[in-house]
Amino acid sequence: MSKIVLISSIAIITILALILLIFALNWYLNKNVSYTNNLSDKKILIAYYSYSNHTEEIANMINQYLNCDIVEIKSEEYENKNIIELNKLVNQQIKNETLPKINKIDISNYDLIFVGSPVWKDDVALPVKSFLINNDFNGKIIIPFYTFGGFVDKLRLDNQIKEYSHNDSVLPSFLTVYFKFAFIEYRLTKWLNGINL
Ligand SMILES: Cc1cc2nc3c(=O)[nH]c(=O)nc-3n(C[C@H](O)[C@H](O)[C@H](O)COP(=O)(O)O)c2cc1C
């Protein structure tokens, strides 16, 4: 066997072993983590926007533990648009500093509001920005969660949430790429357990 074949074989076996290890660790950690926090004395709402359902999946995972009210932020302007049309419209709206119209959501009855957003152009998605700007968050605690597909500055996103909602009571957020082996269940549960009001 030539040296090149030997080195390539070792490299392939190492990569496969690493993938298997990540797969096993992901399965083990996700299976063995449990929700231990108790937020049942709070009136909680989960409000999220999701174009391709990643953020919706996370919202539903949170709700499995909290069993609270959940509402989707919707914007007709983006419905039935493919990703290229959506991207074009979002670029236009950012350039013109316009925001999409969204459904009416009454947040007055809640103390704690989980706000879920995909990352769009290094910012929260525009319908979420509309939701934050158009509601009165005075006296409420916001807990953000985001899904993304590239590189993101989480602190910057949290600061944007504070700015748009005119509310500094924003707790540390959960950020994840929507990828099967991203230890999502494990990291999400740890984050929920760490919420200290
Ligand atoms: C218009 C648009 C802009 C996006 N901009 C970013 C970005 O700046 N950074 C990033 O990491 N991902 C970006 N993404 C990827 C989304 O954040 C990612 O796919 C997310 O999980 C989608 O969530 P959803 O399925 O709930 O809509 C963008 C996606 C779209 C449609």
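Between domain 1 and domain 2 the count of salt bridges is 0, where a salt bridge is a side-chain nitrogen of Lys or Arg within 4 Å of a carboxyl oxygen of Asp or Glu. The model is predicted: local features need pLDDT of at least 70, side-chain atom pairs count only at pLDDT 80 or more, and totals for chains, interfaces and linings use all residues. Residues are numbered from 1 along each chain as its sequence is written, and side-chain values use heavy atoms, with hydrogens and water left out.

The chain is divided into domain 1 (1-32) and domain 2 (37-193); these bounds come from an automatic or database domain assignment. Taken over C-alpha atoms, the centres of domain 1 and domain 2 are separated by 36 Å. The contact (heavy atoms within 4.5 Å) takes 6 residues from domain 1 and 7 residues from domain 2.

About 600 Å² is buried between domain 1 and domain 2, and carbon and sulfur atoms give 72% of that area. Buried area is the accessible area (1.4 Å probe) that two parts lose on being put together, summed over both. In domain 1, the residues that lose the most area to domain 2 are Asn 26, Leu 29 and Asn 30, together 70% of what that side buries.

Across the interface of domain 1 and domain 2 there are 2 residue pairs in polar contact, both at pLDDT 80 or more. A polar contact is a pair of N or O atoms within 3.5 Å; within protein, one must be able to donate a hydrogen and the other to accept it, and residues adjacent in sequence count only if both atoms are side-chain atoms.

The ligand is next. An N or O atom in the side chain of Ser 50 is 2.5 Å from an oxygen atom of the ligand. For Thr 55, a polar side-chain atom lies 2.6 Å from an oxygen atom of the ligand. Tyr 51 uses a backbone N or O atom, 2.8 Å from an oxygen atom of the ligand.
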